[in-house]
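Subject: Structure handover

Hello,

Here is the structure you will be working with. Please open it next to this email.

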Amino acid sequence: MGLKFDTNLSMLFQEAPFLDRFAMARDAGFKAVEYLFPYQEDIKAIRARLDGLGLEQVLFNLHPGQVNKEKLALGEWGTASNPARREYFRWSLT
């Protein structure tokens, strides 16, 4: 059994807008993609790209918690381990 690779769309093909990167990944021969924090994108548009291009989504990160305008974490990485943020963590899974 050989190794299978995907591409992280948050890191590769940055010369293109996020949703355009799906086709670029497929055209480069990838069958699966992952990305970091897609929360600024329309979920239906992401699903349509995946389905339309025949790509599999293998990973994305849960919501990081409070962030500032530059999208840098404000010390909330790991909300699952913080009892005071339990409801927030549950919300981030939906």
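Below is what was found in it, taken topic by topic.

The model is predicted, and local features need pLDDT of at least 70, side-chain atom pairs count only at pLDDT 80 or more, while totals for chains, interfaces and linings use all residues. Residues are numbered from 1 along each chain as its sequence is written, and side-chain values use heavy atoms, with hydrogens and water left out.

The sheet. Three strands form an open sheet in the order β1-β2-β3, with parallel pairing. (Strands are DSSP runs of E with at least two residues, helices are runs of H or I with at least four, and both are numbered from the N terminus; two strands pair if DSSP finds at least two bridges between them.) β1 and β3 (56-60) are at the edges with a single partner strand each, so one side of each has no neighbour in the sheet. Four bridges join β2 (residues 32-35) to β3 in the parallel sense; in β3, E56 is the bridge partner of A32.

The core. The largest nonpolar core has twelve residues, among them L9, F13, F18, V33, Y35 and I46. (Such a core is a set of buried Ala, Val, Leu, Ile, Met, Phe, Trp, Tyr and Cys residues joined through side-chain atoms within 4.5 Å; buried means under 20% relative accessible area, exposed over 50%, and partly exposed in between, with a 1.4 Å probe and protein chains only.) α1, β2 and α2 each give two or more residues to this core, and α2 gives the most, with three. Leaving out residues up to four places away in sequence, F18 touches L9, Y35, E41 and I46, where contact means heavy atoms within 4.5 Å.

Where is F13 found? F13 lies in the loop between β1 (7-8) and α1 (21-27). F13 is buried, with a relative accessible area of 19%. F13 is not a glycine, yet its phi is positive, about 60 degrees. Most residues other than glycine have a negative phi.

The lining of the largest pocket. α2 (43-53), β3 and α3 (86-92) each supply at least two residues of this lining, and α2 gives the most, with four. By class, the lining has ten nonpolar, four polar and two charged residues. (Ala, Val, Leu, Ile, Met, Phe, Trp, Tyr, Cys and Pro count as nonpolar, Asp, Glu, Lys and Arg as charged, and the others, Gly among them, as polar.

Regards
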